[in-house]
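This note is meant for a colleague who is meeting the structure for the first time. Please read the points below with the sequence and the model at hand.

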Amino acid sequence: MKNISINLSGSKSITNRLLVLNSLYNNSIILKNLSLSQDSKLMAEALASNQEIIDIHHAGTAMRFLTAYYSIFSDKKTILTGSSRMKERPIEILVNALIDLGADISYLEKKGYPPLLINGRELYKNTVKLSASISSQYLTALCLIGAKLKNGLNIEIIGKITSFPYLNMTLQILKDLGISACFENNIIKISYFDHLEKQEYTIESDWSSASYHYSLCALGNELTINMKYLFENSLQADRRIESIFKEFFGVNTIFNNGEIKIYKNTDFKYPNNIEIDMNDCPDIAQTVAVTAFGLKIPIKITGLETLIIKETDRLQALKNELEKCGGEVEISSSSIELKNNFNFNKNQSIKTYNDHRMAMSFTPLKLVFPLNIENPEVVEKSYTEFWNDMTLYGLY
């Protein structure tokens with residue numbers, strides 16, 4: 001039995017929310033176990049910058065959160081831009097909501113997409129309607145600025161909320177800091193809150209980063225993996241990786257005082273096929289799909305409508321690379337299905353499409369058959385120590 005210990009940095013999702021709030025409240029929060037991800041570094045640099053042009057490269061979270069953030073600073077002009085892919089990722093729903101609240105935002109190139117010209121101003125309106133079917137980050141972006149609006153903010157949500165746990169995370173963080181935030185009858189209510197007392201906040205480690213180690217445990221032989229600062233009552237949507245891998249892949253988790261130990265149940269009987277809705281945790285869908293492929297288990301994952309607007313069209317990218325490896329794959333606008341037809345094609349070169357999760361989700365397959373990951377540096381976006389950690393498994 002090989003015993004491996006991994007030290008993951010803080011959750012990117014929690015870090016980015018707290019970085020915005022800390023900036024809004026004069027750095028009154030002492031943040032511990034910050035994410036080391038490129039996305040979080042870009043967020044921190046943008047928030048600290050006095051430049052008029054802010055380039056957040058591929059960081060979609062930063063684009064959404066900062067659009068709302070810069071809109072409420074009176075007499076501050078900001079041009080918010082990013083990579084060529086960022087200019088293809090829609091932001092009109094959020095921009096329209098901010099304009100409804102009184103913000104001054106215009107498009108510099110294609111309508112509905114970055115780059116944006118934002119002329120900050122004080123917002124007095126406190127009621128807005130927003131469709132939540134595309135991205136919960138639009139809601140979070142508004143929630144993060146809500147308590148700094150003099151009249152607070154009421155958001156009426158239209159339609160089904162995509163990735164609801166991420167919204168719940170935002171509201172819980174606000175409450176943890178002492179800000180009044182509630183969600184009932186499809187309305188989010190956030191009260192004006194002017195001043196935060198000095199306080200500490202320890203950020204939980206990143207469950208989406210942990211997901212790749214779950215995949216390694218499922219695909220490897222006799223591995224026991226230990227990871228710190230992962231909690232049973234986590235706010236993170238990707239905490240669901242624990243139950244998914246236990247139910248479908250036989251990976252057990254032991255929680256012990258903020259540390260987990262994972263190992264494979266050698267008596268586990270794999271299912272004949274898997275059907276699962278991952279609308280609440282789409283960021284780990286690639287990991288689950290690739291693990292199922294490595295174990296030759298047919299799988300259909302639904303609820304993935306947001307994946308087409310990520311760093312790449314992740315559904316198409318998954319189909320391309322799984323088929324290259326020998327899988328038979330069908331996709332729709334919101335689902336992926338891996339058929340019961342498996343032929344492992346060795347020594348394939350996996351394209352990553354400038355998407356960190358493509359690189360990391362396919363790497364555990366190296367325990368099954370040899371393959372190459374193109375542009376391995378893309379992992380810096382979310383998990384800077386990924387390749388160093390892979391050396392512990394003999395994979396880099």
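1. Six residue pairs are in polar contact between domain 1 and domain 2, with both residues of each pair at pLDDT 80 or more. On the side of domain 1 that touches domain 2, helices H1, H2, H3 and H6 (164–177) each supply at least two residues. H6 gives the largest share of that side, with five residues. The model is a predicted one.

2. The two parts in question are domain 1, covering 12–202, and domain 2, covering 207–391. Their contact draws on 26 residues from domain 1 and 23 residues from domain 2. The C-alpha centres of the two domains are 29 Å apart.

3. The size of an interface is often expressed as the accessible area lost when the parts come together. Here domain 1 and domain 2 bury about 2000 Å² between them, and 53% of this lies on carbon and sulfur atoms.

4. How many salt bridges does the rule find across the interface of domain 1 and domain 2? It finds one. Aspartate 39 and lysine 381 form a salt bridge in which the closest N and O atoms are 2.8 Å apart.

5. Glutamate 52 belongs to the loop between H2 and S3 and lysine 77 to strand S4 (residues 77–81), so the pair ties together parts that are 25 residues apart in sequence. Glutamate 52 is partly exposed, at a relative accessible area of 38%, and lysine 77 is likewise partly exposed, at 41%.

6. Further salt bridges deserve a mention. Arginine 85 meets glutamate 88 through their side chains at 3.3 Å, N to O. Lysine 339 pairs with glutamate 337, where the closest N and O atoms are 3.6 Å apart. Lysine 339 counts as partly exposed at 23% relative accessibility, as does glutamate 337 at 24%.

7. Some backbone features should be noted. Most residues other than glycine have a negative phi, and most peptide bonds are trans. Which form does the peptide bond from proline 114 to proline 115 take, cis or trans? The bond is cis, with omega near 5°. Proline 115 is placed in the loop between strand S5 (104–107) and strand S6 (116–119).

8. Histidine 57 is not a glycine, yet its phi is positive, at about 55°. Histidine 57 sits in the loop between S3 and H3 and is partly exposed, with a relative accessible area of 39%. Asparagine 185, also not a glycine, has a positive phi of about 55°. Asparagine 185 lies in the loop between strand S9 (181–184) and strand S10 (187–190), and at 72% relative accessibility asparagine 185 counts as exposed.

Conventions:
Residues are numbered from 1 along each chain as its sequence is written. This is a predicted model: local features need pLDDT of at least 70, side-chain atom pairs count only at pLDDT 80 or more; totals for chains, interfaces and linings use all residues. Side-chain values use heavy atoms; hydrogens and water are left out. Domain bounds come from an automatic or database domain assignment. Contact means heavy atoms within 4.5 Å. Buried area is the accessible area (1.4 Å probe) that two parts lose on being put together, summed over both. A salt bridge is a side-chain nitrogen of Lys or Arg within 4 Å of a carboxyl oxygen of Asp or Glu. A polar contact is a pair of N or O atoms within 3.5 Å; within protein, one must be able to donate a hydrogen and the other to accept it, and residues adjacent in sequence count only if both atoms are side-chain atoms. Helices (H or I, at least four residues) and strands (E, at least two) are DSSP runs, numbered from the N terminus. Buried means under 20% relative accessible area, exposed over 50%, partly exposed in between (1.4 Å probe, protein chains only).
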